Amino acid sequence: MGDVVSALREALGDRAVLEGETGGGAPDWLGGARRTPALAVLRPASTEEVSTALRICHAHRQPVVPQGGLTGLVHGADTNERTLALSLERMHAIEAVDPVNRTMTVQAGVPLQRVQEAADEHDLLFPLDLGARGSATIGGNIATNAGGNRVIRYGMMRENVLGLEAVLADGTVVSSLHPMLKNNTGYDLKQLFVGSEGTLGVVTRAVLRLRQKPRSENVAFVAVPDFDRVTALLARVDAELGGMLSAFEVLWDDFYRLITTPPAENRPPFATRSAFYVLIEALGGDEAADAERFQTVLARALEDGLVVDAAVATSAADRARLWAMRDDVGQVRRHAPVQTFDVSLPIPAVPAYVEEVNARLGERFGEVVNFVFGHLGDGNIHLIVGPGDREPETRQAVEAIVYGALAPRGGSVSAEHGIGLEKKPWLAVSRSEAEQAVMRAVKQALDPEGILNPGKIL
């Protein structure tokens, strides 16, 4: 192993090869940073240096774990004492912004928030948004096909990448940095790397699709008495807001009570108690007209009984307060240790799924909590189950209940977090044997020595 580190140091220099460092890895979401051992940490500063590093590693059959901002939740970037960590932290440049074509070319190590801010400076919007925006990198967002709060309108990361550059396991550079929205010239190679979690290649640069910055932003938090009316409300606002609907976040009552009672700092925006609460966001192009339409749509929903109470933001501070309730997931620490889940399934199947999971958890463990919330507009919900313990048997039993109830409903064990190590044992719930065989064939074709992020996904 020392031979490969010496070869890398000779080729890349001391600044790019750090020994005696940990490789980072997935954070302990409830307890801060979590470090995993690594043979060394590579810090290349360019695509050419990434290519050199992988060419040397390929020749030595040296396993490499690509890493971004280390904000993932499924241990997809974990290293061990036999693997090298390949960090793209030095590749953090925003290379170009084209306001006319509405594109931005960036290096993979730039944080998501910097991309958002750079787009805003040109009166444009990069719509991907998630809580780890300050640390999560564009390369990591691409590698995991990140989702977040506005998928219902703007899609996953996949829909916001026009072109990219990646380095294969043997050091070959595949550059598809195309800035066109329409490019129908055979296989769309960039899609091989989006969502591949660094197992097929290392993304080094990307051309991102930008949108016009909205001129209006309307947000409301509403109480809804049952799930049938939640889905009816979704259809109503999607149709009547004329394409402006950008977020439809649903909170079950248990989660709502958790985030609006001390020691949480949020307070209920109205006195009404209900089974469900929905945060609705609409982004548009005419501040006055859009606000009027938004209020009219909500008024009709109240009149028709779809909504039983509502709080409508009238300022940026109001909008921030309403979003703060949805984002205050850290309150679940009050019930630690807990297990977190990120699943998706057809929207009509959600209530029966949650009911089955709760019943089976109660039968198996007795007194438990299951906080449910998420991006219901795109069929993605999060479940946080506790209290529990950290024993493998307990964790596996909880996973069997949560994931097992997905199979007959055609659901996915991962809506937006990826597979990594944590969900690998459950991949068969969502991927058939034929699908997995194709995935293995692609992996074998692009990484025959199996050096890129070994053991993840498959």
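Biologist: What makes five strands of this predicted model an open sheet, and in which order do they stand?

Modeller: The five strands follow the order 5-6-10-8-9 with antiparallel pairing. Neighbouring strands here are turned by 10° against each other on average, direction ignored.

Biologist: Why are strand 8 and strand 9 called paired?

Modeller: Pairing requires at least two bridges. Strand 8 (residues 161-167) and strand 9 have four bridges in the antiparallel sense, so they count as a pair. Within this pairing, V167 stands opposite V173 in strand 9.

Biologist: What does helix 3 lie across?

Modeller: Helix 3 (residues 112-121) lies across strand 5, strand 6 (103-107) and strand 10 (202-209). The helix runs at about 145° to strand 6.

Biologist: Which residues of helix 3 are called buried, and what does the word require?

Modeller: L112, V115, Q116, A118 and A119 are buried. The word requires under 20% relative accessible area, so each of these residues falls under that cut-off.

Biologist: How do you know that these residues are on the same side of helix 3?

Modeller: They cover an arc of only 165° around the axis, which puts them on the same side of helix 3. In an α-helix there are 3.6 residues a turn, so residues three or four places apart point the same way.

Biologist: What covers the buried residues of helix 3?

Modeller: The cover includes strand 5, strand 6, strand 7 (124-125), helix 4 (138-144) and strand 10. After helix 3 comes D123, with a positive phi near 60°.

Biologist: What makes the seven strands an open sheet?

Modeller: Their order is 15-12-14-13-17-18-16, with antiparallel pairing. Strand 15 (309-312) and strand 16 (339-344) are the edges, each with a single partner strand, so one side of each lacks a neighbour in the sheet. From one strand to the next, the twist averages 15°.

Biologist: Why do strand 13 and strand 14 count as a pair?

Modeller: Seven bridges join strand 13 (residues 245-252) to strand 14 (residues 276-284). The requirement is at least two, so the two strands pair, and they run antiparallel. The bridge partner of E249 in strand 14 is L279.

Notes: Residues are numbered from 1 along each chain as its sequence is written. This is a predicted model: local features need pLDDT of at least 70, side-chain atom pairs count only at pLDDT 80 or more; totals for chains, interfaces and linings use all residues. Side-chain values use heavy atoms; hydrogens and water are left out. Axes are lines fitted to C-alpha atoms, for helices over the stretch in contact, and angles run from 0 to 180 degrees between N-to-C directions. Contact means heavy atoms within 4.5 Å. Buried means under 20% relative accessible area, exposed over 50%, partly exposed in between (1.4 Å probe, protein chains only). The arc is that of the directions from the helix axis to the C-beta atoms.
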